[in-house]
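Here's a quick look at the charged pairs in this one. Have the structure open as you read.

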Amino acid sequence: AKCKDCGDQAAEWLNNALSLLTKRQKRDYRFVMIAQQERRFMKDSLTRFICDDVQPFDSTRLSDLSPLSLASNTSMRLLNKTIDKNSSLSIRRFRPNLVFEASKEEYAFIEDHIEVLQIGKLQLRVISPTFRCIIPCVDQETGDTKYARSSTRCEPIHTLKQTRSSLRYGMTGLIPVEMGGSKSLAPLFGVYLGFTSANLRNEEIRQGDEVRVLKYKQRSTGYIHRLL
């Protein structure tokens, strides 16, 4: 993708921060932003083999697999209860673009079963579950990378691997832990979203918009969905 360099000052900040967090010698990393009109079509990448529903008009910019990801605070509360009664991990660890609150606690992980939804006036479709690497184990407040000490017990990935994992999306198990892999079948949390039409890109969504389910999946989900 065609990108624009953000300059030496931004690069200096990035390298200082990475050196401080990792305790390693400074490197020459650069901050870049994608060119304004640049788009990467998902059908031309590995995304078409990984995600369930990739359409010819689906595109993204510098994100890996899709332009949007959705997660639920209700699901996060259930995940915390499953980890430990005192667990209070933040949903920010999963870095979703969009976060919603289900109308009832028993609707935790309802996103697993949605095919098409509407936020405000914008209709979106679920492309696939979001399979997770090891990064949600990083404490975003402190930068602590617990998986560097124990990749088998770091949370929330340890619990997700036991309760919500999939062979279908198991590619993260092929990647070494030090490169972000999960060292097992892919743990799942949240969903990737795409537009329902190529003509919807100028619609706006705002904080507080109602989220409505327009269509549920007809087929059964092909991954574990249970508590310990």
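## A lysine on a strand

Lys215 has a relative accessibility of 40%, so it falls in the partly exposed class. Keep in mind that this is a predicted model.

The partner of Lys215 is Glu115: their side chains meet in a salt bridge, N to O at 3.4 Å. This one ties together distant parts of the chain, with Glu115 in strand β7 (residues 114-119) and Lys215 in strand β11 (residues 211-216), 100 residues apart. Glu115 is partly exposed too, because its relative accessibility is 25%.

Now over to Arg30. It forms a salt bridge with Asp5, and the closest N and O atoms are 3.0 Å apart. Here again distant parts of the chain are linked: Asp5 sits in strand β1 (residues 3-5), while Arg30 is in the loop between α1 (8-22) and β2 (32-34), 25 residues away.

Arg30 also forms a salt bridge with Asp8, with 2.9 Å between the closest N and O atoms. Through shared partners, Asp5, Asp8 and Arg30 end up in one network.

## How open is the network?

Which class does each member fall into: buried, partly exposed or exposed? Asp5 is partly exposed at 38% relative accessibility, and Arg30 is partly exposed with a relative accessible area of 35%. Asp8 has 58%, so it counts as exposed.

Terms used. Residues numbered from 1 in each chain as written. Predicted model: local features only at pLDDT ≥ 70, side-chain atom pairs only at ≥ 80, totals over all residues. Heavy atoms only, no water. Salt bridge = Lys/Arg side-chain N within 4 Å of Asp/Glu carboxyl O. Helix = DSSP H or I, 4+ residues; strand = E, 2+ residues; numbered from the N terminus. Buried < 20%, exposed > 50% of the residue type's maximum accessible area, 1.4 Å probe, protein only.
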